[in-house]
Amino acid sequence: YESSAGIGMTCNPYAIFRAFMKMPEFKEYVHIWVIQDAEELELLKESYREYENVVFVFYQSRAYAYFLARAKYLINNTSFAGTFSKKEGQIFLNTWHSITVKTLGYDTPDGNRVVGNMVRNLLMSDYIISPNEFMTEIYEKSFRLKDIYEGRYICEGYPRNDLVVHTQREEIFQKMKIRGIEVDPAK
């Protein structure tokens, strides 16, 4: 699982992970998370120390490269680095990260210059999660995927929205507290 280049356990990859952790058929899977901040990596290792099947690796480390090359399933909400190429047999789920109200891909002012790796990642994806038909059309237009993307869109909403609806307030306050963020629960 990689969310926004390892920023943390967030967004759609985290929602999918949480769902998998509750399902008996995923009990034997090893869940590997990519984290870019050393302090956050240590906090997460401590939080999940009782789970032998949850592993954390530092973004762009040797372990990162090893697991990226060996993992059967890859879940990302943006894109892997330009050095990544999906191997035969790997299954890549691109969950994306937002419903756009802005331009993206080739439609951005610098799109022709900067969009290459994102398009490459989308084309490598076996599945792209799309929250609705509108976003599917945006992907196809803005990233010029129409008639060349060979994978499948999963148009079922965003998994992260389940977290918004079902996460308990106290869980969020606790996560913030251990990271040194003070919050007034009355606000």
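## Cysteines

The count of disulfides is zero, a disulfide being a pair of cysteine sulfur atoms within 2.5 Å. For Cys11, the nearest cysteine sulfur is that of Cys155, 16 Å away, and Cys11 is in no disulfide. Cys155 is likewise in no disulfide.

Cys11 is buried, at 16% relative accessible area, whereas Cys155 is partly exposed, at 28%. Buried means under 20% relative accessible area, exposed over 50%, and partly exposed in between, with a 1.4 Å probe and protein chains only.

## Basis of the model

The model is predicted: local features need pLDDT of at least 70, side-chain atom pairs count only at pLDDT 80 or more, and totals for chains, interfaces and linings use all residues. Residues are numbered from 1 along each chain as its sequence is written, and side-chain values use heavy atoms, with hydrogens and water left out.

## Sheet

Four strands form an open sheet in the order S3-S4-S5-S6, with parallel pairing. Helices (H or I, at least four residues) and strands (E, at least two) are DSSP runs numbered from the N terminus, and two strands pair if DSSP finds at least two bridges between them. The edge strands are S3 (73–76) and S6 (152–155); each has a single partner strand, so one side of each has no neighbour in the sheet. From one strand to the next, the twist averages 20°.

S4 (residues 91–94) and S5 (residues 127–130) run parallel and are joined by two bridges; Leu93 has Tyr127 in S5 as its bridge partner. Helix H1 (residues 11–22) packs on the sheet and touches S3, S4 and S5, its direction making about 135° with that of S3. Axes are lines fitted to C-alpha atoms, for helices over the stretch in contact, and angles run from 0 to 180 degrees between N-to-C directions.

## Loop residue Thr78

Thr78 lies in the loop between S3 and S4 and is buried, with 16% relative accessible area. Leaving aside neighbours within four places in sequence, its contacts (heavy atoms within 4.5 Å) are Ser4, Ala5, Asn94, His97 and Met118.

## Nonpolar cores

A nonpolar core is a set of buried Ala, Val, Leu, Ile, Met, Phe, Trp, Tyr and Cys residues joined through side-chain atoms within 4.5 Å. The largest has 32 residues, and Met9, Phe56, Tyr139, Phe143 and Leu145 have the most contacts inside it. H1 gives the most to this core, four residues.

Beyond four places in sequence, Met9 touches Tyr14, Phe17, Trp33, Ile35, Leu44, Tyr48 and Phe56. A second, separate core has 11 residues, among them Ile32, Val34, Leu68 and Leu74.
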